[in-house]
Amino acid sequence: MTRYKSWLFLLAALLLAACSKDSEQAGGDLPDPGPVLPETKEAPLSLFAATRMAVIDAGEAYDPIHIFLMSGETATTTTHKTEGQFIYDGTWKSTIGVKNPHNCIYGFSPATAASATISTSSTYNNGAVLTLKNISPVTGSDICVIVGIKHGTSAADVAGVPDQGNFYFEKGVYNHVSLLLDHLFAKIDFSVRIDADYHKMRAIKVKKIELLSDKTLKEVAVPLTANADNNSPIGTITYAVENVTAGAERPSGIIYDYNDDTNPDHSDGVDLPEDASWTIPGYFAPGGEAEGAIGRHLLLRFTYDIYAYDVFNNNKCTRVRENCEAINSLSDVSGLAGLLRGQSTTITLTVKPTYLYALSESELNNPAIVVNSD
C-alpha cells in the first residue's frame, strides 16, 4: 500500500510539473500578448496633395519634400523640432508623426536640392526664416518652399488648394495635410532644334545639357510671415551670390541626361527635330539686373553625337563624332537677368554650321549652336 501511495505521489508531482511548464509557455488560459511596446504619443501624419503656385512646370516631380515640424504644448510655444520628409512611391508617405497638440509645418522641395535650417524672431505660428544652404544657383529642379498648409482628420477635409500664409494646425487622431508651394527660382525653357538644310546631311543626338554659372550661391534666406488673408507669406528673399573660386569648377545643373531618360527611343540620345518641338526646362536663382546677378552669368553646355547618312545603305545613320561639347554664353539674351522668381522665358537653340553655302566635311562635323530668345 505504501508502494502504491509513493507511485501516486510521484505521478501527481509529474503532472503538476507538466502543468506548470505548459502554463509558462502558453500563458495559462490567455494568448501570448507578445513583446510589450513602449507607449508613444505620435499620431500618423500623411500628405494628401501638393500644389504649386502658378505652375510653370506641371510635369516636374515634388518628391521628396523636406519638412520641419515645429511643435509644442501651446500655439505660442515650441518645444520640439522634428525634421522629416514626404516621400512618393505611388502614394505619399511621411517619415515622421505628430507628437504634440500644437504644430507648424515649413519646408521645401525637392529635398535633394539643398540642406536647410529654420529660425524665428517670434513664434513659429507667426512665421519663420527658412535658410537653404549647399544649393546650386543653376539646376534642373523647380525649387519651391511651402507657403501654406491645410489640415484635417480625413482626406476629404484637405481636398482643394490650401490658403497661403497658414502653417499652423492642431493635432488630431489622424492628421492629413495638403501643401501649397511657391517657386524660388526663375525658369528658362530651352527649345532645341536642328537646321533643316543641315539636317539633310547630318543628324544630332543630344546626350546631356547642363546649365552653368560663373557665380555661386552661399545661401538663400526665405522669410515667411503667417497671415489669415491668403496673401503670399514670402518676404524679400536674400540670394547670397559669390564669385566662383579661382580654379574651381563652375556650378552646374544637369537639365537633361539621356542616361535618366526612360523613353526607349532616346537610348542613345535625343534625335533633334527641325521644328523646335523638344523643350527642356532649366532654373536659376534670380538676382535682378545688377551686373553681379546670376542671370547675367549663365552658360549652356551641350554633349552630343553627330551622325552622317550613308546614301549607299538606305540612308542609315552612322556615328561620325562622339561626345562632342559646345558651350554657349547666355549673357546677351535680352531680359534674362530681369526675370523674377516664378517667371519664365523661352530660348530657342538651333544647331547648324557657320557657313551653309560652302560646307566642307570638317564643317559638317563641327556645327555651331545659335542662341535666339523668343
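Let's start with Thr303. Thr303 is buried, at 11% relative accessible area. Buried here means under 20% relative accessible area, exposed means over 50%, and partly exposed is in between, with a 1.4 Å probe and protein chains only. This is a predicted model, where local features need pLDDT of at least 70, side-chain atom pairs count only at pLDDT 80 or more, and totals for chains, interfaces and linings use all residues. Residues are numbered from 1 along each chain as its sequence is written, and side-chain values use heavy atoms, with hydrogens and water left out.

Where is Thr303? In strand S20, residues 298-310. Strands (E, at least two residues) and helices (H or I, at least four) are DSSP runs, numbered from the N terminus. Which residues does Thr303 touch, leaving out those up to four places away in sequence? Val206, Lys207 and Lys208, then Asn323, Cys324 and Glu325. Contact means heavy atoms within 4.5 Å.

Two of those partners deserve a word. Cys324 is buried, at 5% relative accessibility. Asn323 is partly exposed, at 43% relative accessible area. Asn323 sits in strand S21, residues 316-329. Asn323 also has a positive phi of about 55°, and it is not a glycine.

Asn134 is another non-glycine with a positive phi, again about 55°. Asn134 is in a loop, between strand S8 (127-133) and strand S9 (138-139). Asn134 is exposed, with 64% relative accessibility.

Cys144 is buried, at 1% relative accessible area.

The largest cavity has a volume of about 50 Å³. Of its 13 lining residues, the closest to the centre are Met70, Ala75, Thr77, Thr78 and His102. A cavity is a set of points, on a 1 Å grid over the protein atoms alone, where a 1.4 Å probe fits but cannot get out; lining residues have an atom within 4 Å of a point. Points join across faces, edges and corners, and the volume is the space filled by probe spheres set on them.

What supplies the lining? Strand S2 (65-72) and strand S6 (102-109) each give at least two residues. By type, the lining has five nonpolar residues, eight polar and no charged. Nonpolar covers Ala, Val, Leu, Ile, Met, Phe, Trp, Tyr, Cys and Pro; charged covers Asp, Glu, Lys and Arg; the others, Gly among them, are polar.

Last item. The Ser109 to Pro110 peptide bond is cis, with omega near -10°. Pro110 is in the loop between S6 and strand S7 (115-119).

Terms used
On a 1 Å grid over the protein atoms alone, a cavity is a set of points where a 1.4 Å probe fits but cannot get out, and a pocket is an open set with protein on both sides within 12 Å along at least five of seven lines; lining residues have an atom within 4 Å of a point.
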